[in-house]
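Morning, everyone. Please have the structure up on your screens. I'll take you through a few places in it.

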Amino acid sequence: MQLDLDKLRISAKEVERLTGFEVNEVFIGTILGGVYRPSLFQNSKRFTHFCITEMFMLLVTFIFALPFGFLFIRNSTNAITDFATIFKFLLIPLVITVILNISWNVYMLLKVKSTLTLAHLLDEVDKYNEIIQAVDVRDRLEAVGNLQVNALDRERVCDVLKIARNSLVYGLMTERILRENKSLLARRYDLLTNIENNLVTLRTLEINSQANEYTELLNQALQIGASVYKEIESSQRRVSH
Amino acid sequence: MNYFSTVISLLRERKEFLEEIHQGISLKTKIASLLISSSCFFAIYGAIIGAFHSPLQIISSAIKLPALYLITLLICLPTLYIFNTVFGSKQSIGQHFTFLLAAVSVIAILLCGFAPVTLFFLITVTDYHFFLLLNVSIFALTGIIGVSFLYQIMKPNADERSQTSSVSLEKDFIVQVQPATNSNSAQNVKVRTNILRFWLVLYGFVGSQLGWTLRPFFGSPEQQFELFRAREGSFFTAVFNTLINLLF
């Protein structure tokens, strides 16, 4: 990937720094105390990953709950061979496993509402990184001579991506401040103004009306900026009510 | 997200991985990934050794083997954390847990490395005592490597400094505060090294006793399936008796 594109990418480490959460494609804040991202239900690969994670959680919880099974059989020093005793031993670990996993899923269901704005912003970050990836593919095709690219168009896309990146970064920072409800409330207005300015700039950029490969990417970057602004605005309205 | 990629990065980029734990970077992701991947690797090896007896033993050993290593770790973790903290360690319990999980994951992946060998002897050998001693040797070897790995990564050194870092969204800088080292600090480092050595012995003892409690993992071919054997004797007398049986 070319250096200018690599600098535009929003990495997982940067997302962690901006949001305060360890984020992946399925969870915000990992499986330990985190919440699932609602968009996973719209993607079959992510949904499969989520289902596999649920199965792993069942296994790991059951493993750690096994010692509790010894409570029922601690007075018995004989070998455990009959199914009645085996069932007695497995009952408590199974019950603990089911209760813990149901509690975990209910906790995530209840908490997902409070992280909706962040989840939407993270989806926009994913879309943004996909655009970066698309530009990188075009660069590589051009490098092997498979594609003729207008350098000015690429430069324009990079400028737009820089603005979209700033919007996303400000959006994530604003969301974190609103979420954590710090005393830096005055700051959020500055940040919101920045996002608004970036959006205006995006809209006034002259996009080449001729159909080319970059028009779609420019439109996507524009949509990202608009989504970020809408998300922060609605989040701000929720906080003020 | 691939849980197993964390183990791969532990093996390939060990220095960076351990440095990230030391700095507390992405600890929850590491803990979740190492827990899941080590459970899977232990379960696979447990299933192989259980296959010597019966399908029920496969399921039983696939659950018991991860339970053995992970529950031993959980039992011994508070001891290590509290003693280290009392004698000057600034690492959180999360960091301690991640270091221990990293060592256990190394053991798990080493066991998986031996899985084709064990599978080969499972198919070609019918002598229960030979198969038992082969696996005791494999467990001992992987355990020694894992424990020495843990000793290397957790051993405190004289250059250890405490760090305080704070990140502000406004200014976006990190502040490090480094107090000067003194003779008390060097003394604490020596004590913590001895604590670690004592803890490794404790880990071995707790692990052996838990392993003896959870047996059988292989299943004697003359006996029907047993979830747990009668609680009698100890791990060390059993290994000694098996050696005698094999040699004479």
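Start with Pro221(B). Pro221(B) has 12 other C-beta atoms within 10 Å, and 12 or fewer counts as exposed, so this residue is exposed. Keep in mind that this is a predicted model.

Where does Pro221(B) sit? Look at the loop between helix 7 (183–214) and helix 8 (235–247) of chain B. Leave aside residues up to four places away in sequence, and Pro221(B) touches His53(B) and Tyr128(B). Now pick out Ile93(B). In sequence, Pro221(B) and Ile93(B) are 128 residues apart. In space, their C-alpha atoms are 43 Å apart.

Second stop: a helix pair in chain B. Two packed helices are described by the angle between their axes and the distance between the axes. Our pair is helix 3 (residues 27–50) and helix 5 (residues 93–124) of chain B. Their axes come within 8 Å. They cross at roughly 25°. Angles under 35 degrees count as roughly parallel, so helix 3 of chain B and helix 5 of chain B are roughly parallel to each other. What is the hand of the crossing of helix 3 of chain B and helix 5 of chain B, left or right? That crossing is left-handed. As for the residues in this contact, 21 are nonpolar, seven are polar and one is charged.

How many residues of chain A are in contact with chain B? The count is 24 residues of chain A, and they meet 22 residues of chain B. On the chain A side, helix 3 and helix 4 (83–111) are the elements that give two or more residues. Helix 3 of chain A supplies the largest share, eight residues. By class, the chain A side that touches chain B has 15 nonpolar, six polar and three charged residues.

Last stop: Phe62(A). Stay on helix 3 of chain A, residues 44–73, because that run holds Phe62(A). Is Phe62(A) buried or exposed? Phe62(A) has 21 C-beta neighbours inside 10 Å, and the cut-off for buried is 20 or more, so Phe62(A) is buried. Which residues does Phe62(A) touch, not counting those up to four places away in sequence? Pro93(A) and Thr97(A). Finally, find Val135(A). Phe62(A) and Val135(A) are 73 residues apart along the chain. Their C-alpha atoms are separated by 46 Å.

Over to you for questions.

How values were computed. Residues are numbered from 1 along each chain as its sequence is written. Chains are lettered from A and ligands numbered from 1 in the order in which they are written. This is a predicted model: local features need pLDDT of at least 70, side-chain atom pairs count only at pLDDT 80 or more; totals for chains, interfaces and linings use all residues. Helices (H or I, at least four residues) and strands (E, at least two) are DSSP runs, numbered from the N terminus. Two residues are in contact if their C-beta atoms, placed from the backbone, lie within 7 Å. Ala, Val, Leu, Ile, Met, Phe, Trp, Tyr, Cys and Pro count as nonpolar, Asp, Glu, Lys and Arg as charged, and the others, Gly among them, as polar. Axes are lines fitted to C-alpha atoms, for helices over the stretch in contact, and angles run from 0 to 180 degrees between N-to-C directions. Angles under 35 degrees count as roughly parallel, over 145 as roughly antiparallel, 65 to 115 as roughly perpendicular and the rest as oblique. A crossing is left-handed if the near helix is turned anticlockwise from the far one by less than a right angle, and right-handed if clockwise.
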